[in-house]
Amino acid sequence: MKVLVVLSAVLCVALAKDQPKKAIVYLNGNAGVTGNVTISQPSCTEPVFIEINAVGLAPGKHGFHIHEKGDLTDGCASTGGHYNPDKVSHGAPNDQVRHVGDLGNIVADENGIAKTSYSDTVVSLYGARSVIGRAIVIHAEVDDLGKTNHPDSLKTGNAGGRVACGVIGILAPFEEAEEECSSGQPALVFPAVTIFASFCAARMLVA
């Protein structure tokens, strides 16, 4: 019976990593910019899907990043720099070298509305590198994606001031896995299921 309990626990931990997660951000700023962002991820091995809806922006492109701290005690200024656990240079979302928080630009139309969605393979809602509890920041200027000679290009994309921000919070309750997510996780789930099923079958035969 004890073996059955242990195997059941292992199976639950393995399957927990395949539970979908969803996060939300309420954006607010001193310049009248408001909006929300949702981030969803079906499992730890799949990309996140980011949906953005912001209003009150100046028409044109605006840097859009995940910052390291979910701290709004001093407004957007206290969110720290871009989330960059690998300590690398700033880049574009599709660059091989980039901050985890580098999400490029969003574009506001002539009415100041930015509404878009896309996937990202670097940001994650799982494990030690989860962005939950950190912050999203919209900047006043265009992110140059680290492609210019400006002194701040490889640090911040020279995207200017911060016009709106918000903390990344949990939208839908979910069970947090006890172990780190890894690319090999799916391979661990099926053996666990097989072992568990075989053990149950054996127990039924014995009974």
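**Close-up views: a pocket and a disulfide**

**View 1. The second largest pocket holds about 160 Å³ of space.** The model is predicted: local features need pLDDT of at least 70, side-chain atom pairs count only at pLDDT 80 or more, and totals for chains, interfaces and linings use all residues. Residues are numbered from 1 along each chain as its sequence is written, and side-chain values use heavy atoms, without hydrogens and water. A pocket is an open set of points on a 1 Å grid over the protein atoms alone, where a 1.4 Å probe fits, with protein on both sides within 12 Å along at least five of seven lines. Its volume is the space filled by probe spheres set on the points, joined across faces, edges and corners.

**View 2. Strands β5 and β9 each supply at least two residues of this pocket's lining.** Strands are DSSP runs (E, at least two residues), numbered from the N terminus. Lining residues have an atom within 4 Å of a point. β9 gives the largest share, three residues. Among the lining residues are Asn 28, Leu 72, Cys 76, Arg 162 and Cys 165. By class, five are nonpolar, four polar and one charged.

**View 3. Cys 76 and Cys 165 form a disulfide, S to S 2.2 Å.** A disulfide is a pair of cysteine sulfur atoms within 2.5 Å. The structure holds one. Cys 76 lies in β5 (residues 73-76) and Cys 165 in β9 (residues 162-170), so the bond ties together parts 89 residues apart in sequence. The S-S torsion is about -95°, so the disulfide is left-handed.

**View 4. Cys 76 and Cys 165 are both buried.** Buried means under 20% relative accessible area (1.4 Å probe, protein chains only). Cys 76 has 11%, and Cys 165 has 6%.

How values were computed:
Helices (H or I, at least four residues) and strands (E, at least two) are DSSP runs, numbered from the N terminus. Buried means under 20% relative accessible area, exposed over 50%, partly exposed in between (1.4 Å probe, protein chains only). Ala, Val, Leu, Ile, Met, Phe, Trp, Tyr, Cys and Pro count as nonpolar, Asp, Glu, Lys and Arg as charged, and the others, Gly among them, as polar.
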